[in-house]
Protein chains: 2
Amino acid sequence: MAYGIGEVAARTGLSVHALRFYEREGLFVGPIVRDSGGRRVYSDDDIGWVELCARLRETGMPLEVIRKYADLVRDGVGNEPERLALLREHQERIESQMRALSVGLSMISYKVRVYEKRLAEGTAAALWSSPATSASDD
Amino acid sequence: MAYGIGEVAARTGLSVHALRFYEREGLFVGPIVRDSGGRRVYSDDDIGWVELCARLRETGMPLEVIRKYADLVRDGVGNEPERLALLREHQERIESQMRALSVGLSMISYKVRVYEKRLAEGTAAALWSSPATSASDD
DNA sequence: ATAGGACTTAGAGCGGGCTCTAGCTCAAGC
DNA sequence: GCTTGAGCTAGAGCCCGCTCTAAGTCCTAT
């Protein structure tokens, strides 16, 4: 199947601007086919690649690294070990991101519980004078 | 205890530049105390707050939102529901970030397995001619 | 007393990742 | 045949979050 840039944007969640930008930046493996009028025509494979790029970006891979990966794929068979290394590195970065997120999440969840408790008590305790507000009362 | 800006930077992982920047940006609840020479002197409470800010940033909270939260804390008692709402919103954003990361991670882990397999076979299969390289061979 | 190092300010600069603009071409529908 | 809408290019612009610079002050150690 063949798709126009607008369609691809709609399907992948990237903007048409971003798609053209990615292309200029060399993130695609092969050149995108053009129709008689010079418009980009994307194949299913292209969409697959765009979706991969989107996932890589979402997980924090810099454009430069995506480009490097695209370069490797473009160069063809023989550099699989390099591609694998690159992917594994990114795997690790994602894992450490997830650890950071879960540390942050528990900190915030703790605070949420504190506020919930304070509010539950506060509605009743407002009858008495509020206790000294500590500086760590955030 | 009292700490200089360099010490705080070392402890929190933020740069001294970032600490001054955060202060200018109004991310702190109260003014940072200065010594006779005009230098910043941080308390343990300040460090706690800086660490909170660092966790919020790490989990993707924009400076503007941290500022809003600081504003609420500064305004004191009475706006707990707003603070709670803000925290809960961020909680949800973190959770959806984590979902995105885990989607990306499984995609990448799948690719890693594919490459591992290909390499394991390839070392042996190199004896035969390599099969047609598909366009989705990335 | 002098050198070194940590600190101060205001403001400029930068890198990443888009995002938008201007001016144009093209294809399809009324 | 003319409007509308989608697409094209090259390049400028923007937002965020720092990061760095310049020029100066202050404390400490030798």
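Before you click on anything, two terms: helices (H or I, at least four residues) and strands (E, at least two) are DSSP runs, numbered from the N terminus, and two strands pair if DSSP finds at least two bridges between them. This is a predicted model, where local features need pLDDT of at least 70 and side-chain atom pairs count only at pLDDT 80 or more, while totals for chains, interfaces and linings use all residues. Residues are numbered from 1 along each chain as its sequence is written, and chains are lettered from A and ligands numbered from 1 in the order in which they are written.

**Stop 1: the strands of chain A.** Select residues 2-3 and 40-43 of chain A: these are strands E1 and E3, antiparallel and joined by two bridges. Ala2(A) has Ser43(A) as its bridge partner in E3(A). E2(A) and E3(A) make a hairpin with five residues between them, and in its turn Gly38(A) has a positive phi of about 85°.

**Stop 2: helix H4 of chain A.** Pick residues 63-75 of chain A. This 13-residue helix reaches 18 Å from its first C-alpha to its last, close to the 18 Å expected at 1.5 Å a residue (the expected span is 1.5 Å times one less than the number of residues). Which residues of H4(A) are buried? Ile66(A), Tyr69(A), Ala70(A) and Leu72(A) are. They sit on the same side of H4(A) because they cover an arc of only 160° around the axis, the arc being that of the directions from the helix axis to the C-beta atoms. Glu64(A) and Asp75(A) are exposed, on the face turned away from that buried side. (Buried means 20 or more other C-beta atoms within 10 Å of a residue's own, exposed means 12 or fewer; C-beta atoms are placed from the backbone.) Just after H4(A), look for Gly76(A), with a positive phi of about 90°.

**Stop 3: DNA strand D.** Show DNA strand D and the 18 residues that surround it; the closest are Gly4(A), Gly6(A), Arg40(A), Gly37(B) and Leu63(B). (A residue is near a strand if its C-beta atom, placed from the backbone, lies within 6 Å of it.) H2(B) gives the largest share of this surface, three residues.

**Stop 4: DNA strand C.** Move to DNA strand C, also surrounded by 18 residues, the closest being Gly37(A), Leu63(A), Gly4(B), Gly6(B) and Arg40(B). The largest share here, three residues, comes from H2(A).
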